[in-house]
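Hello,

Here is the structure I promised to pass on. Please have a look at it first, then read my notes below.

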Amino acid sequence: MVNKPHALILTCLLCIFCSVTSGQNIKGHYVARSQEDGTLYYTMPVSLFKNDKLGDLTFDLTYKQNSKTVTMNFTYLMEQPTSADSIKIINGSVIISGETKKIYIEPYKNMWKHRYTLSDSITNFNSFYTEKNASEAIIYAGEKEYRYKVKKSAWKNYLPIGNKIFQMIELNEKK
């Protein structure tokens with residue numbers, strides 16, 4: 001027989017476990033807006049990668065229903081203004097990569113803030129959130145590489161959210 005304090009603790013732990021494993025609440029992580037030519041989905045900025053010297057790489061995603069292409073806008077800091085050529089994000093067997101387009105470079109405190117954009121297929125982004133082993137993002141600027149390692153706890157927390165957002169998009173596109 002379990003005494004009352006132990007039963008109460010056991011019940012609380014069971015409730016916490018069930019609430020955590022029952023699914024992530026994605027409501028605050030994306031916005032969907034209906035437009036004449038389809039729904040526009042936007043994910044809120046998230047920082048899943050970091051460079052110990054430079055800081056975080058933060059990105060947001062935009063997807064227009066039935067376009068098959070996701071646009072990733074990303075921001076990072078550098079000590080000097082440095083034009084990026086391309087980016088590669090590696091997650092297990094999934095690689096999102098391509099040439100980048102500059103949105104802006106501006107001074108920020110004692111650093112330079114860089115904002116770039118990249119487009120890739122929705123299939124790659126959907127697969128990106130099904131792999132559990134994100135490793136790094138690499139920004140290429142001429143001959144130089146700037147590596148941003150995954151923040152393991154941030155990745156672990158965001159993986160089910162990103163997965164559910166892309167699952168929702170996929171379900172809403174089915175006729």
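Are tyrosine 76 and tyrosine 116 buried or exposed? Tyrosine 76 is buried, and tyrosine 116 is buried too. Please keep in mind that this is a predicted model.

**Overall layout**

The chain has three helices and eleven strands. Read from the N terminus, the order is α-β-β-β-β-β-β-β-β-β-α-β-β-α. The chain counts 175 residues, and 37% of them are buried. I also looked at contacts between residues at least 6 apart in sequence. Of these, 59% join residues at least 24 apart.

**Aromatic pairs**

There are ten aromatic pairs in the structure. One of them joins phenylalanine 74 and tyrosine 76. The two rings are stacked, at 6.1 Å centre to centre and with 20 degrees between the planes. Phenylalanine 74 and tyrosine 76 are both buried.

Tyrosine 76 also pairs with tyrosine 116. This pair is stacked as well: the centres are 6.1 Å apart, and the angle between the planes is 15 degrees. Why does this pair tie together parts that are 40 residues apart in sequence? Tyrosine 76 belongs to strand S5 (residues 69–78), while tyrosine 116 belongs to strand S9 (residues 111–121), so the pair bridges that stretch of sequence.

A cluster turns up elsewhere. Ring pairs link its members, which are Phe128, Tyr129, Trp155, Tyr158 and Phe166.

The ring belongs to tyrosine 108, and the charged end of lysine 113 sits over it, 4.6 Å from the ring centre.

**The cavity**

How many cavities of 30 Å³ or more does a search of the whole structure find? The search finds one. The largest cavity has a volume of about 50 Å³. Its lining consists of Tyr30, Tyr41, Tyr42, Thr43, Leu61, Thr62, Tyr63, Ile165, Phe166 and Ile169.

By class, eight lining residues are nonpolar and two are polar.

**Two residues to look at**

Start with glutamine 167. This residue lies in helix H3. Is glutamine 167 buried, exposed or partly exposed? Its relative accessible area is 40%, so glutamine 167 counts as partly exposed. Glutamine 167 and tyrosine 129 are 38 residues apart in sequence. In space, their C-alpha atoms are 9.7 Å apart.

Then turn to glutamate 136. Strand S10 (residues 134–141) holds this residue. Its relative accessible area is 10%, so glutamate 136 counts as buried. Which residues does glutamate 136 touch, not counting those up to four places away in sequence? They are Phe49, Lys88, Ile89, Ile90, Arg147, Tyr148, Lys149 and Val150. Lysine 88 lies 48 residues from glutamate 136 along the chain, and 8.3 Å separates their C-alpha atoms.

Best wishes

Conventions:
Residues numbered from 1 in each chain as written. Predicted model: local features only at pLDDT ≥ 70, side-chain atom pairs only at ≥ 80, totals over all residues. Heavy atoms only, no water. Phe/Tyr/Trp six-rings, centres within 6.5 Å; stacked < 30°, edge-to-face > 60°. Buried < 20%, exposed > 50% of the residue type's maximum accessible area, 1.4 Å probe, protein only. Helix = DSSP H or I, 4+ residues; strand = E, 2+ residues; numbered from the N terminus. Lys NZ or Arg CZ within 6 Å of the ring centre and 35° of its normal. 1 Å grid on protein atoms, 1.4 Å probe; cavity = no way out; pocket = protein on both sides within 12 Å on 5 of 7 lines; lining within 4 Å. Points joined across faces, edges and corners; volume = space filled by probe spheres on them. Nonpolar A, V, L, I, M, F, W, Y, C, P; charged D, E, K, R; others polar. Contact = heavy atoms within 4.5 Å.
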